[in-house]
Amino acid sequence: MKYERDPERIRRVLGDKVQFIQGDLALTYGGILAGCSFFGGYPITPASEVAEGMARLLPRVKGTFIQMEDEIGSIAAVIGAAWSGAKAMTATSGPGFSLMMENYGYAIMTETPCVIANVQRTGPSTGQPTLGAQGDMMQVRWGSHGDMEALALAPSTVQECIDMTIEAFNLSEKYRHPACVMADGEIGHLREKVVIPDEEEMTLVERVPATIEKEKFIPFTNSQTRDSKVPDFPTFGTGYRTYVTGLTHNKKGFPATDKQKDHEELITRIVTKISDDRERLTSIEEIEMDDAEIAFVTYGASARPAESAVAMARKNGIRAGMLRLKLVWPFPRRAVNELSKKVNTIIVPEMNLGQIVHPIREYSDAGCDVIRASKVGGEMHLPHELYRYLEEKK
Amino acid sequence: MKREIRICGFGGQGVILAGFIIGKAACVFSDYNAVQSQSYGPEARGGAARSEVIISDEKIGYPRPTGVDLFVAMAQEAFDTYRKDIRDDTVVIIEPDLVPKHDIGRRLYKIRAQNIAEELGNRIVTNIAMVGAITGIYDLLSADAVKKAVIDSVPKRFTELNVKAFERGLEAGKNARPE
């Protein structure tokens, strides 16, 4: 039975407009507000509360929650649900995300819209389960095999856990590509004020369904009804014949594993449907950048101590600023390049030993010094630790 | 204005709920920003647990306390573990029956929150009595806002018990003097 998103019921189930909630629950709220009607998941610290929230709330808005046997099954169920027409989501953390990599690639290859919330911790392997880190910022980009793009947002506040989950659904539906909300244990377990957006304050994007005459439908090619590299979606059960496979397929969806041209055409399309829009998708926040000579480039939780460090620096006459990446992938090449021409030094605080610092270096002007400011072990940077970098490099 | 608050005790005592209620009172029932974070061991009960709240009238960047303006301890182990963060100007509130060894050469507020809860017939509301005392001692949030947050955060069938605990704690807090 088709899920009918009922805004009034959703608001009733989510409750008061202003709440004091954890980031994990905010990820749940964002999914439900976006119209998620299927959640398949497996509990894992520090992401378990996302699934708990979904288990409690999703049935009350007439959606479906299923706890799968593991994370491989979870994302497989999500992909199946998406093909049946649902907006579908799962949530996990590092080890589970690693397990999902095979089917993450399958979702990319089969152009399946779905959302993965990753409340990151560290590793390798089991690592520090209860503590936050930014362990998967490269895995989300390169973790599955082959050529691909990624759609990844990184919330810095609990409010953004709601807003970015809605945005992830929108991107995922628009591009028919999995979109990831790369939260972390710090933000996931932090409680903060949120304001639940009213219906008219949200923009919701729905996948474009196949509408062309059934005999003329070609499932894996540019849209047949719009100027877009994203094909119209043939929901299972609507009568549009589609063969869905992770093998290299031709436009009709049939395996074409030994055809160089078919592979090149397919992969080029599923990569460029996103990378063509790189600059249009760029989503950044600039703080104190007008006259900055030194800047942090941040994302997620580490933006918060960095912002505090910028405030300390400004009080002491250091012209420091911050560029925060809200959408980390596709990587905002132009914004970072422009920044690197403006400041002498870029400092990249990350809760890992250096991941996003690499594309920042790659796209920075040669004259700009790009410095890694790593902190690992499950603790955020302290504001004064980051301030020291500014003082040394000013 | 920015205030950093730490409430610590043992796991299962409700210190996280206590911090949650104060944060909610600040940002849902008053006009402040607030963040609440926590740390606890893997045990369901026992072990030192702490709940930290930052309340500010400005945007809160770094979400963990960098100092402690108000320190509340409801268990000896937690007091011993975290007392190092107490500054000269930190307001300190302890539950003297649960933190018997509290002679650290400075004045502090002593609130017998567990005793209040026992008089009401259920030790489980010790944390809420302490929330009341904090509200009475520490002049930051209105009693009305915190009471609303208590009612909003506890199971409906226990509202009355919790409100009583809050009010008794509030009274004790208002009358308390550092000793």
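This is a predicted model: local features need pLDDT of at least 70, side-chain atom pairs count only at pLDDT 80 or more; totals for chains, interfaces and linings use all residues.
## Two helices meeting in chain B

H1(B) covers residues 15-27 and H5(B) covers residues 143-153, and the two pack at an angle of about 125° with their axes 8 Å apart. H1(B) and H5(B) are therefore oblique to each other. Their crossing is right-handed.

## A helix pair in chain A

Helix H4 (residues 71-83) of chain A packs with helix H5 (residues 94-109) of chain A at an angle of about 30°, and 8 Å lie between their axes. That angle makes H4(A) roughly parallel to H5(A). The crossing of H4(A) and H5(A) is right-handed.

On the H4(A) side, the residues in contact are A:Glu71, A:Ile72, A:Ile75, A:Ala76 and A:Ile79, and they meet A:Gly96, A:Leu99, A:Met100, A:Asn103, A:Tyr104, A:Tyr106 and A:Ala107 in H5(A). Nine of the residues in this contact are nonpolar, two are polar and one is charged.

## A sheet that runs across both chains

Which strands make up the open sheet of eight, and in what order? Reading across, the order is E1(A)-E8(A)-E2(B)-E3(B)-E1(B)-E4(B)-E5(B)-E6(B), and the pairing is mixed. At the edges are E1 of chain A and strand E6 (109-110) of chain B, each of which pairs on one side only.

The step from one chain to the other is made by E8(A) and strand E2 (residues 33-39) of chain B, which pair in the antiparallel sense over two bridges. Here A:Arg191 stands opposite B:Gln36 in E2(B), and A:Glu192 has B:Val35 in E2(B) as its bridge partner.

Further into chain B, E2(B) pairs with strand E3 (residues 48-56) of chain B, again in the antiparallel sense, over seven bridges. One of the pairings here joins B:Gln38 to B:Ser51 in E3(B).

In chain A, helix H7 (residues 158-175) lies across E1 and E8, running at about 50° to E8(A). In chain B, helix H4 (residues 126-137) lies across strand E4 (70-73), E5 and E6, running at about 150° to E5(B).

## Where chain A touches chain B

How many residues does each chain bring to the contact between them? Chain A gives 16 residues and chain B gives 15 residues. On the chain A side, the elements that give two or more residues are strand E1 (18-22), strand E8 (191-195) and helix H11 (303-315). H11(A) provides the largest share of that side, five residues.

By class, the chain A side has eight nonpolar, three polar and five charged residues.

## Two domains in chain A

The domain assignment divides chain A into domain 1 (7-201) and domain 2 (285-393). Taken over C-alpha atoms, the centres of these two domains are 26 Å apart. Their contact takes 23 residues from domain 1 of chain A and 21 residues from domain 2 of chain A.

Which elements of domain 1 of chain A give two or more residues to the side that touches domain 2 of chain A? They are helix H6 (139-142), strand E6 (151-153), strand E7 (178-184) and helix H8 (185-189) of chain A. E6(A) gives the most to this side, with three residues. The residues on this side of domain 1 of chain A comprise 13 nonpolar, six polar and four charged.

Technical notes:
Residues are numbered from 1 along each chain as its sequence is written. Chains are lettered from A and ligands numbered from 1 in the order in which they are written. Axes are lines fitted to C-alpha atoms, for helices over the stretch in contact, and angles run from 0 to 180 degrees between N-to-C directions. Helices (H or I, at least four residues) and strands (E, at least two) are DSSP runs, numbered from the N terminus. Angles under 35 degrees count as roughly parallel, over 145 as roughly antiparallel, 65 to 115 as roughly perpendicular and the rest as oblique. A crossing is left-handed if the near helix is turned anticlockwise from the far one by less than a right angle, and right-handed if clockwise. Two residues are in contact if their C-beta atoms, placed from the backbone, lie within 7 Å. Ala, Val, Leu, Ile, Met, Phe, Trp, Tyr, Cys and Pro count as nonpolar, Asp, Glu, Lys and Arg as charged, and the others, Gly among them, as polar. Two strands pair if DSSP finds at least two bridges between them. Domain bounds come from an automatic or database domain assignment.
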